[in-house]
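Here is a short briefing on one protein chain. Look at the sequence and the fold first, then read on.

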Amino acid sequence: MQKPKYHVFVCSSSRINGQQKGYCYSKESVEVIQTFIEEIDSRELNDEVMITNTGCLGICNSGPVVVVYPEGVWYKEVTPDDVEEIVESHFENGIKVERL
Ligand code: FES
């Protein structure tokens with residue numbers, strides 16, 4: 001299996017019972033995930049960037065939370081409108097989006 005260059009975890013407040021309920025979910029995290037998928041698809045970065053939704057990452061008041069590995073960069077309060085900038089700056093050019 002080919003390893004992605006970036007593995008991106010987006011909190012969708014998924015619970016162990018399969019429910020999505022919680023702070024990040026209530027703040028459009030599902031739309032953030034969908035926008036990441038569309039943006040990565042349109043830029044043909046599917047082999048380089050993998051998106052995974054997660055359960056609570058423990059800093060709910062800063063949600064929606066996005067964590068990028070291998071660097072371990074945490075982005076907070078991410079909205080669907082921020083996704084294009086993260087994909088272009090971080091994943092295409094290797095520059096973290098400091099404002100987030
Ligand atoms: S629900 Fe997303 S960090 Fe807690």
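Which residues of the largest nonpolar core touch the most other members? They are V8, V10, V32, F36, V66, V83 and V87, out of 19 residues in that core. β1 (6-11), α1 (23-26), α2 (29-42), β3 (66-69) and α3 (80-92) each give two or more residues to this core.

This is a predicted model: local features need pLDDT of at least 70, side-chain atom pairs count only at pLDDT 80 or more, and totals for chains, interfaces and linings use all residues. Residues are numbered from 1 along each chain as its sequence is written.

**Core**
- A nonpolar core is a set of buried Ala, Val, Leu, Ile, Met, Phe, Trp, Tyr and Cys residues joined through C-beta atoms within 7 Å.
- Buried means 20 or more other C-beta atoms within 10 Å, exposed means 12 or fewer, and partly exposed lies in between; C-beta atoms are placed from the backbone.
- Helices (H or I, at least four residues) and strands (E, at least two) are DSSP runs, numbered from the N terminus.

**Cis peptide bonds**
- G63 and P64 are joined by a cis peptide bond, with omega about -5°. P64 sits in the loop between β2 and β3.
- Y69 and P70 are also joined by a cis peptide bond, with omega about 25°. P70 is in the loop between β3 and β4 (73-75).

- E28, in the loop between α1 and α2, has phi near 70°. E28 counts as partly exposed because it has 17 C-beta neighbours inside 10 Å.
- E44, in the loop between α2 and β2, has phi of about 55°. E44 counts as exposed because it has 8 such neighbours inside 10 Å.
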